[in-house]
Every structure is written in C-alpha cells, then in structure tokens.
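Please look over the structure below before reading my points, which take up the surfaces near the DNA and then the chain itself.

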There are 2 protein chains.
Amino acid sequence: MNETTTLPKTRDAEQSRGRILDAAEALFLAEGFSRTALSRVAARAAVPKSLIFHYFPTKQALWEAVKLRRLEGFVSRQRELFRRGPVTIEELVASIRDYFALLRDDPAFIRLCARAGLEPGLNCARFDPELIGPFIARLEEAAARGLIRPGIEPVYLLALIIAAVTQWFEARDDFANWPGMPANATADPAYLETIIEVLLHGTLATGAAR
Amino acid sequence: MNETTTLPKTRDAEQSRGRILDAAEALFLAEGFSRTALSRVAARAAVPKSLIFHYFPTKQALWEAVKLRRLEGFVSRQRELFRRGPVTIEELVASIRDYFALLRDDPAFIRLCARAGLEPGLNCARFDPELIGPFIARLEEAAARGLIRPGIEPVYLLALIIAAVTQWFEARDDFANWPGMPANATADPAYLETIIEVLLHGTLATGAAR
DNA sequence: GTTTTAATTGACCGGCCGGTCAGTCAGTAA
DNA sequence: TTACTGACTGACCGGCCGGTCAATTAAAAC
C-alpha cells in the first residue's frame with residue numbers, strides 16, 4: 001500500500017528534472033511528440049504534472065531539452081570519432097566501422113533523428129560543417145595523392161558512406177523481411193563487411209587495393 | 001463576395017472524396033498526423049467537417065486511405081520497374097537510375113514513408129518480398145555466372161544500393177549544408193553518377209568492368 | 001411525378017490536454 | 001526561532017478536437 005518508498009523523499013531538483021527527462025524521452029520516442037500527453041509523462045516519472053511546468057515552461061521546451069540531452073552525447077562521441085579524418089586506407093575503414101558501431105549501439109538516437117527530422121528546427125542527423133569539413137579535406141588530400149580513383153568526388157563519396165550506414169539502421173526492419181535476409185545479429189556484421197568491401201574496391205585506385 | 005463559384009455545385013462523391021484526400025495528404029505530410037486537425041482538412045478541402053466522416057469512419061481511416069492511395073501509385077510503378085531483374089550490367093545500372101528517378105520525382109512519397117515508418121502498421125518503404133525476391137535471384141544468377149566478385153552477398157548489395165538512393169533523398173537537406181555541396185539540381189546527377197561508379201567498380205569482378 | 005437513395009450540412013457534445021495558480025512543505029542561514 | 005527560498009503539489013480551467021445526429025437537398029430509379 002505504502003508506495004511512497006519508491007518516491008524520492010528528499011528534495012532533489014536535479015534528480016526530479018532527470019526523471020522527467022527520462023520519462024519524456026521514452027514516451028516521445030515511443031509514440032511521438034503530439035501523441036504523448038504530459039499527464040503520462042508525469043505518471044511515468046512519478047511526479048505531479050505541474051512539476052513538469054516548474055522545470056520546463058512548455059511542452060515544446062521539454063521536447064527541446066530531450067533532444068538536446070541526447071544530441072550532446074552523440075555529437076561529442078561523433079566529434080571524437082571524426083576529429084582526425086582518415087589519412088590511410090586503414091583509418092578510412094576504421095572510421096566506417098566506428099560510425100556503424102555508433103549507430104548500432106544507440107538505436108534510440110536513430111528514432112530521435114527521424115522524429116526530429118520531420119519537424120522544423122533542430123535536426124540531429126545533420127553533421128556540423130566544422131565536423132564534416134576536415135573529413136572531406138582529408139579525402140580530397142587522399143584523392144590528390146592518387147589514392148582514390150579520379151572522377152570520384154569526395155563529397156559524394158562521403159554522402160554515400162553515411163547513407164549506406166544510416167539507412168541500414170533506419171530501414172533495418174524492412175530489410176529483415178527480405179527473402180534470404182538473416183536476423184539482425186548476423187546481418188549487421190555481414191552488411192558492414194559487404195559495404196566496406198564494395199566501397200573500398202569501388203573507390204580505391206587500381207593498385208592501391210589492400 | 002460570392003465565393004460559391006469555387007465550390008462544386010453538382011454533387012460528385014468521387015470528387016469530394018478526392019478533395020478530402022488531397023487536403024488531408026497535404027496537411028498530414030506537412031505537419032504530421034496528430035497535429036493536423038480535421039477542421040483544417042475540411043477547410044482546405046472546402047467541405048464541412050462532417051462530410052469527412054461520411055466517407056471515412058475515423059481520422060485514422062483517413063490517414064490509412066491517404067497512405068494507400070500514394071502507396072498504390074508508387075508500388076505499381078515500382079513493380080513495373082523491378083519486374084524483370086537485371087541480367088546484364090547495363091540493366092543493373094538502368095535499374096538504379098530508374099529507382100533514383102522514381103524517388104526524385106515524388107518527393108512527397110519520401111516524407112510519407114518517413115512519417116509512416118514511425119508508426120506501427122503499414123510501412124511504405126517496405127518492398128514486397130515477391131518484388132524483391134526475383135531481383136535478388138537475378139543478382140545471385142549474375143554472381144554464379146562470375147559477373148559479381150565472389151564474397152559479395154547479393155542481399156546486402158541490394159540493401160546497399162537501395163540505402164544509397166533512399167537516404168540521399170531522405171537526408172538531402174542535411175547534405176546540402178556540407179561545405180562544397182552544390183544545390184540539389186546539380187548535386188542529384190553528380191551523386192547518382194558517383195554511386196554508380198563506385199558500386200560498379202566495387203561490385204563487378206575484375207575484367208567485367210565496363 | 002413520385003419514391004428512393006445518397007450526398008451534404010451545421011449545430012452540438014463530451015472528453016482530453018496543455019497550461020495556470022494559489023498555495024504547502026522542506027531545507028537553510030542568521 | 002524565525003524568516004526566507006525554491007522545490008513541490010493538487011485543484012482547476014478554457015479551448016480544441018474527434019466524433020455524432022437529425023435534417024436537407026440533389027440526383028437516380030421507377
């Protein structure tokens with residue numbers, strides 16, 4: 001009967017705020033912004049609804065806060081990953097693997113990107129130009145060194161790489177219905193190896209193949 | 001003053017239904033399902049709100065009808081396109097070009113896929129297994145004939161191709177912000193040619209390159 | 001011309017939901 | 001003790017929105 005044991009007895013603003021954000025993130029990602037009633041967010045966070053308005057002026061602001069929190073984590077990891085662009089073939093391959101793992105290990109982020117992309121304003125899928133710029137520059141450098149076959153523009157090559165990885169996770173459930181497509185656990189690495197194989201052989205100048 | 005001239009005086013069920021579907025599609029795609037009030041759909045279609053319920057039992061049913069109508073058109077064209085899988089290299093390239101053009105010329109469909117993909121139920125991006133099956137079979141045939149380099153599984157290759165094309169249009173606006181990325185009109189064909197180049201050279205067995 | 005059918009209309013409703021507000025309560029510093 | 005701050009609460013509201021209904025009218029069937 002006494003359910004107050006689960007509730008935090010001590011007043012802890014940070015924790016309360018965090019609980020609200022957790023609940024909101026879960027519900028927003030599961031059912032979308034408009035279909036999530038703040039009353040349900042409050043229920044899930046085990047706080048009265050009005051407490052939400054104590055921390056966030058409006059429902060929209062709560063959504064922004066949710067996005068911001070997720071985005072910060074992702075961007076920092078992404079930045080870490082992309083800071084040094086690839087110079088050698090091995091580094092290029094490693095970058096692809098890292099990015100693949102980044103998305104694979106954070107499935108909620110994919111859904112958040114998809115939801116956010118439909119709305120005006122912040123778009124999580126967007127890479128910072130400062131982030132993507134150096135990466136492209138390194139690719140152009142590699143092209144100048146004759147590593148990449150002439151005629152292949154680095155911008156589009158990078159777009160292709162990112163598209164190949166991103167779309168895999170966005171449409172994984174569709175692909176899963178294809179005849180001959182195994183379960184995720186085995187399809188993930190198989191797809192990764194395949195695209196690396198294709199991209200490398202399709203990109204590298206003849207003679208530079210590993 | 002007299003604005004009834006724009007309204008259809010004659011009773012035409014099919015036309016009324018069509019107007020409602022048109023208005024609903026435009027608003028649903030622009031703002032999403034939950035955020036679109038039926039009153040606004042009615043206003044845009046220039047019919048009383050209750051007429052919507054004459055044709056569609058519920059708001060959800062209206063959304064399903066919108067999806068179905070778009071999907072039918074797309075699927076029939078897609079089916080037409082994919083019926084005969086590629087046998088020669090030229091046909092494979094032609095398939096990629098066709099699919100690219102299909103998405104490029106129907107931007108609303110992309111957004112519909114994105115919106116629908118977030119909801120349980122019908123998923124537009126999904127290809128029929130009966131549609132994808134023969135296509136994969138042809139690719140496997142080509143692999144058996146030694147046209148495709150060994151070690152490349154046709155399932156993943158096809159996933160890569162579709163991912164490359166689909167994601168380009170889903171994230172075009174993000175890519176547009178990259179340094180060195182031209183406007184859509186010029187980026188579209190350039191990207192298409194690049195991915196064809198990469199995919200072909202990455203896929204074909206040595207000696208089979210065009 | 002009469003009957004039947006179906007398209008069309010506007011008035012109306014009940015419930016839900018974002019947001020408000022007037023306060024209470026727990027910690028804290030003097 | 002007291003005064004004060006800010007976290008916290010629950011009751012409440014106004015409006016919007018999906019959905020209903022009874023009535024009306026144009027077309028079709030006879």
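1. DNA strand D is surrounded by 19 residues, and the closest are Ser16(A), Ser50(A), Ala37(B), Leu38(B) and Lys59(B); a residue is near a strand if its C-beta atom, placed from the backbone, lies within 6 Å of it. Two or more residues each come from helix H1 (13–31) and helix H3 (49–55) of chain A, and from helix H2 (38–45) and helix H3 (49–55) of chain B.

2. This is a predicted model, in which local features need pLDDT of at least 70 and side-chain atom pairs count only at pLDDT 80 or more, while totals for chains, interfaces and linings use all residues. Residues are numbered from 1 along each chain as its sequence is written, and chains are lettered from A and ligands numbered from 1 in the order in which they are written.

3. By class, the surface near DNA strand D has 7 nonpolar, 7 polar and 5 charged residues, where Ala, Val, Leu, Ile, Met, Phe, Trp, Tyr, Cys and Pro count as nonpolar, Asp, Glu, Lys and Arg as charged, and the others, Gly among them, as polar.

4. Around DNA strand C there are 19 residues, the closest being Ala37(A), Leu38(A), Lys59(A), Ser16(B) and Ser50(B). Helix H2 (38–45) and H3 of chain A, together with helix H1 (13–31) and H3 of chain B, each give two or more residues to this surface.

5. Chain A has 10 helices and 0 strands, these elements being DSSP runs numbered from the N terminus (helices are H or I, at least four residues; strands are E, at least two).

6. Of the 210 residues in chain A, 33% are buried, that is, 20 or more other C-beta atoms, placed from the backbone, lie within 10 Å of the residue's own.

Methods:
Buried ≥ 20, exposed ≤ 12 C-beta atoms within 10 Å, placed from the backbone.
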